Every structure is written in C-alpha cells, then in structure tokens.
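Visitor: Before any discussion begins, may the sequence and the structure be placed in view?

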Amino acid sequence: MNLLYYFFGTEGFILLKRGYLPFLSPSQLPDPWLQTNTTYQDQIRPQLDAADFRQHLKDQYQELPENLRSMISFEYFEQQSLTKREEIEQALLLKKHSQTIKPFACEALSDWRVLSLYSQWHSAILWQQLGASGQGMVVEFEVSKSSFGSDSYNQHAQHFGNVEVVQHWQPFDDLYYVFHRPSYTDHAQDDIEWRLMRKLDAADRQIDVQGASRAMYKIPTKAVKRIILGYACSPEYCQQVKRYLSQDIFYRHCECVQAQLDPQTMRLQLVAI
C-alpha cells in the first residue's frame with residue numbers, strides 16, 4: 001500500500017489552497033461506539049437464581065416499617081411473596097437487563113483528532129457521502145513521502161493504520177476502538193479505510209467547517225501525486241483548478257484529472273482535463 005486517497009467536499013479547493021487537511025474528533029466518525037450518547041444493551045438476557053430472589057425479598061423486608069416487621073417474620077413474608085414470584089422475577093430481570101453498560105469511555109479520546117483515508121478513489125459510495133456527490137475532489141497521497149507513518153507530529157504522538165474488520169471483538173486499549181470494526185457479514189473483506197490520529201495540541205490551526213469544529217494540519221504537499229476532480233464538477237471549475245495547481249509552487253508537480261463515468265461499464269474512469 002503506497003497510495004491513499006482523501007475525499008474533500010465542496011470546500012476542497014479552498015482548503016487545498018490554504019494547505020490544510022481537516023481532521024475530525026472521534027465522535028464525528030460514523031462508528032456508533034465513538035458517539036458520546038450511545039447506549040449499550042447486552043444480548044445475553046441475565047439469569048435470576050434463587051439466592052438473588054431471596055436477597056431481594058430480604059431487602060424488601062428490611063424496608064418495611066419497624067412496627068410491621070415486629071408483627072411478621074421474614075419467613076412469613078417470604079412465603080407470602082412466593083405467590084407473586086413470577087411477577088417479582090420479571091420486574092427484577094427487566095431492571096437488571098436494562099442497566100446501562102458502557103464498556104468504553106469515548107471521552108478518553110477527546111484530545112485526539114482523526115483523518116480518514118481510503119485505498120481507492122473510484123468508490124461511488126465514497127464520492128456520494130464524502131465527495132459532495134461528485135462536486136468535490138480527491139487528493140492522492142504517496143504514503144512513503146507523507147510521514148503519515150512516523151511516531152510523532154509537531155512533537156506529539158501520532159498513530160496510523162488501516163481499520164481492521166474483526167470477527168471477534170477483543171479490545172485491549174482505547175485506540176482499538178478507532179482502528180477496528182466488527183464484522184457485519186459472514187465473509188468480511190479487508191476494509192479500505194485507513195486512519196491517521198494526531199493530538200489536538202499538535203494542530204496547526206483550528207477553524208469552523210460547515211458548522212463543525214475542525215483541527216487543521218498542514219498538507220504534506222510533496223506527497224500529493226494527483227488531484228482528482230469529481231464527476232459533477234463543471235468544465236470551467238476543472239480548468240480553474242488545473243490552472244491554479246500548475247502555477248502554485250507547492251502543487252505544480254501534481255497531475256490534475258477528472259473522474260467521469262464510462263458509458264459502457266458505468267464505472268468511474270480518469271480523464272485528462
């Protein structure tokens with residue numbers, strides 16, 4: 001793997017000229033376990049044994065007024081409760097089953113920011129979701145020239161790796177939740193997404209992009225090999241971007257092409273501008 005792709009929306013040309021990549025907070029990623037308000041529910045229904053039931057009755061007995069407890073023994077209270085055992089057990093199981101389970105504190109990642117890159121540019125779904133329905137652009141990076149794989153950025157820790165699809169979910173640290181995804185099918189394939197994590201304190205700038213706060217990090221322009229404009233971009237816009245890139249000292253080495261549909265196969269192809 002030496003080529004990875006970043007999908008820009010309609011703001012891509014502006015950010016490209018300014019030389020920044022917008023990183024997201026982990027809670028802005030689509031993974032539900034990284035969202036702060038996610039609730040969890042164990043699929044295994046809890047069991048209620050005789051000891052749990054008897055302990056519940058003891059607790060209930062102790063909550064009775066003292067004058068009432070002096071009139072009846074616990075054994076009598078227990079015997080009377082057995083007539084409603086099924087109803088009591090169902091209420092206890094419901095309470096036990098609905099307890100909030102939070103196996104992972106996503107707040108632990110609040111000082112990290114994440115950039116998602118992909119191993120392909122021609123995915124129609126990615127263009128639709130991340131590339132502004134073909135009105136955005138894709139930046140092709142040569143990973144070997146990018147320093148994405150180094151251990152630090154601006155003297156802060158950095159992590160880089162692909163999002164691995166796993167059959168068995170076995171987290172061992174907080175970063176596991178960012179770089180792994182459970183399999184949703186019986187035949188999971190290698191995921192095409194790679195993630196780059198950097199500390200918020202290492203950001204070169206912080207700005208607002210479409211109402212969301214983004215930490216900005218400098219684009220490694222020497223690693224940019226090609227700019228791919230979307231299939232819905234106008235010819236005038238394509239010419240404007242190509243002309244700018246050819247005149248910019250940081251991008252004039254880059255190839256500028258457009259993604260267009262092949263009418264025979266309905267697949268995206270690259271064409272010269």
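This is a predicted model: local features need pLDDT of at least 70, side-chain atom pairs count only at pLDDT 80 or more; totals for chains, interfaces and linings use all residues.

Guide: Residues are numbered from 1 along each chain as its sequence is written, and side-chain values use heavy atoms, with hydrogens and water left out.

Visitor: Which residues touch the most other members of the largest nonpolar core?

Guide: A nonpolar core is a set of buried Ala, Val, Leu, Ile, Met, Phe, Trp, Tyr and Cys residues joined through side-chain atoms within 4.5 Å. Buried means under 20% relative accessible area, exposed over 50%, and partly exposed in between, with a 1.4 Å probe and protein chains only. The largest such core holds 38 residues, and the members touching the most others are Leu 16 and Phe 141.

Visitor: Which residues does Leu 16 touch, not counting residues up to four places away in sequence?

Guide: Contact means heavy atoms within 4.5 Å. With residues up to four places away left out, the partners of Leu 16 are Phe 8, Met 137, Val 139, Ile 219, Ile 227, Leu 245 and Tyr 251.

Visitor: How many aromatic pairs does the structure hold?

Guide: Rings of Phe, Tyr and Trp (its six-membered ring) pair if their centres lie within 6.5 Å; planes under 30 degrees apart count as stacked, over 60 as edge-to-face and the rest as tilted. By this criterion the number of aromatic pairs is 18.

Visitor: What is the centre to centre value for the pair formed by Phe 23 and Tyr 217?

Guide: Helices (H or I, at least four residues) and strands (E, at least two) are DSSP runs, numbered from the N terminus. Phe 23 belongs to strand S2 (residues 20-23) and Tyr 217 to strand S11 (residues 212-218), 194 residues apart, so the pair links distant parts of the chain. Both residues are buried. Their planes make 50°, a tilted arrangement, and the centre to centre value is 4.3 Å.

Visitor: Is Gln 269 buried, partly exposed or exposed?

Guide: Gln 269 is found in strand S14 (residues 268-272). Among the residues that Gln 269 touches are Trp 121, Gln 258 and Leu 261. Because its relative accessibility is 30%, Gln 269 counts as partly exposed.

Visitor: Which residue lies over the face of Tyr 153?

Guide: A charge sits over a ring if NZ of Lys or CZ of Arg is within 6 Å of the ring centre and within 35 degrees of the ring normal. At 3.7 Å from the ring centre of Tyr 153, the residue over its face is Arg 198.
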